[in-house]
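Keep the viewer open as you read.

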Amino acid sequence: MTSVREKLLAEAAQRILITDGAFGTEIQNWKLSEADYAGDLGLSHDQKGNNDILALTKPEVPESIHRAYFEAGADIAETNTFSANRISQADYGAEALVREINVESAKMARRVADEFAARDGRPRFVAGAIGPTNKTLSLSPDVNDPGYREIDFDYLKGVYREQADALVEGGADFILIETVFDTLNAKAGVMAAIEAGQALGRDLPIMLSMTLTDLSGRNLSGHTVEAFWHAVRHAKPLTIGLNCSFGAEQLRPHVKTLSEIADTLIMVYPNAGLPNELGAYDELPATTAGLVGEWAQAGQVNVLGGCCGSTPAHIKAIADGVRGLAPRAVAAPEVRTRLAGLEPMTMAA
C-alpha cells in the first residue's frame, strides 16, 4: 500500500504542487461578531478573534474557505488550527477544547479534500497546521533576567503532542510546523510529531516552515536559513521552507539558498507583499504570482502557496502561472557532518 509520503512525493515529481492561502484575512471578510465566535459553548472569555474555534461554532466559515482554495487549484489544505494549542487557547479560556477543535478542523479539511479528489481523481492532501505559540524557549521575556523561561522544552513538546494527536485523529496526512520563529520551539514540535507517529506505529510525515524576522535572513532565535536546516534535517521532513516573513521579493535569496542545500521538497508560501500603514496587504494576485513564478522558472521550488493577505485569487494566479513548469530536482549534497549554532558549520571530510 502506498504511504501518504510516497503519494505526495509521486505527485511532486510530476509538477509543482499548490498549497492554500491565508485564513485569518479571509475570516475577517465575514465580519463576524463575538457571538458568532462564541456560539453556545458557554465560555467566560471574549472569543472575538479566536479563528480556530470557528470549527465548533461557525464551521461553514472555514469550510467555505477550504472550498475556495481547492477551487482555485490547491493540492494541499492547511487546517485552520494555527493557534489551536493549550498555550494560545488559554488567552480565550478555551484550553479544554483543544482536542475537539483540532479533530473537527482536520475532519472538515479531510472531507472537503476527499470531495475534490473524488471529482477529478487528483489527490488532495491535508496538512495539520501547528503554529509557534506565543511563548519562546530560546529567549527570555524578561530583559532583566536573561536566563528566565516561561515554559520548558518538555512542557511545549506536550502541548504540541496534544495537538498533533488530535489532528491525526481527525484525518490530517502531515504535521505542518509553521511560522517557526524559534528553532527550539520547532524542535519540540518535531519531537512531538515523531512520538505521535511512533505511537501510531507508522510514518507521520513532518513539514517545516521557517519565518524570517529581518532581511539578513534570520529567525527570531537568530538562525540563518542554512543553520535552521542543519538543526532539523535529522527529522527527515517531507518539506522544508519559508512562510509569512515578507513578500516574495524579499525572500528571493533565501529561497535560493535553501533550494541548493535541502535534500527534500521545498515549500514556500510568502505574504502577499508587505502590509501598508493600516496593516492591509495590497499586492495584487498577478504580482505575487509573477514573483513566486520566478522561483519556479529557476527550478527552486516544489510547493507554492500564500500566507498573510493572500486570497483564493492569489492562489489561482499562482497555480495558473506555474502550470506546466518542471518541479525542482531535490538537491543531493555531499555527505558531511553539518552542525548549527546561529551559523551553519560543515566539517571537512
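Start at Arg119, which lies over the face of Phe116, 4.1 Å from the ring centre. Keep in mind as you look at such details that this is a predicted model.

Staying with rings for a moment, the model has 3 aromatic pairs. One of them is formed by Phe23 and Tyr69, whose centres are 6.3 Å apart and whose planes make an angle of 45°. That angle puts the pair in the tilted class, because planes under 30 degrees apart count as stacked and planes over 60 as edge-to-face. Phe23 sits in the loop between S1 and helix H2 (24–28), while Tyr69 belongs to helix H5 (residues 60–72), so the pair links parts of the chain that are 46 residues apart. Both Phe23 and Tyr69 are buried.

Now zoom out to the sheet. In which order do its strands lie? The sheet is open, has 8 strands with parallel pairing, and reads S1-S8-S7-S6-S5-S4-S3-S2. Strand S1 (17–18) and strand S2 (76–78) each have a single partner strand, so these two form the edges and one side of each has no neighbour in the sheet.

S2 and S3 are paired in the parallel sense through 3 bridges, and Ile76 has Phe125 in S3 as its bridge partner. S3 itself is mostly covered, with 6 of its 6 residues buried. In a regular strand, side chains alternate between the two faces of the sheet. You can follow this along S3: Phe125, Ala127 and Ala129 point one way, Val126, Gly128 and Ile130 point the other way, and all of them are buried. On the next step, 4 bridges connect S3 with S4 in parallel, and Ile130 stands opposite Ile177 in S4.

Helix H8 (residues 153–170) touches strand S3 (125–130) and S4, and its direction makes about 160° with that of S3. Helix H9 (residues 183–200) touches S4 and S5, with its direction at about 175° to that of S4.

Moving on, S5 and S6 run parallel and are joined by 4 bridges, with Leu208 opposite Ile240 in S6. S6 and S7 also run parallel, joined by 7 bridges. Are these two strands buried or exposed? In S6, 9 of the 9 residues are buried, so the strand is largely enclosed by the rest of the structure. In S7, 7 of the 7 residues are buried, so S7 is likewise largely enclosed.

Two backbone angles deserve a stop. Most residues other than glycine have a negative phi. Cys244, however, has a positive phi of about 60° although it is not a glycine. Cys244 lies in strand S6 (residues 239–247), where its bridge partner in S7 is Pro270. With a relative accessible area of 16%, Cys244 is buried, since the cut-off for buried is under 20%. The other stop is Thr133, also not a glycine, with a positive phi near 70°. Thr133 is found in the loop between S3 and H8, and its relative accessibility of 8% makes it buried as well.

Finally, turn to helix H1 (residues 4–14). Which of its residues are buried? They are Val4, Arg5, Leu8, Glu11 and Ala12. Looking down the axis of H1, you will see these residues fall within an arc of 130°, so they line one face of the helix. The face turned away from that buried side carries the exposed residues Ala13 and Gln14. And what does the buried side pack against? The buried residues of H1 pack against S1, S2, S3, S4 and strand S7 (265–271), which brings our tour back to the strands of the sheet.

Terms used
Residues numbered from 1 in each chain as written. Predicted model: local features only at pLDDT ≥ 70, side-chain atom pairs only at ≥ 80, totals over all residues. Heavy atoms only, no water. Pairing = 2+ DSSP bridges. Contact = heavy atoms within 4.5 Å. Axes fitted to C-alpha atoms, helices over the stretch in contact; angles between N-to-C directions. Phe/Tyr/Trp six-rings, centres within 6.5 Å; stacked < 30°, edge-to-face > 60°. Buried < 20%, exposed > 50% of the residue type's maximum accessible area, 1.4 Å probe, protein only. Lys NZ or Arg CZ within 6 Å of the ring centre and 35° of its normal. Arc of directions from axis to C-beta.
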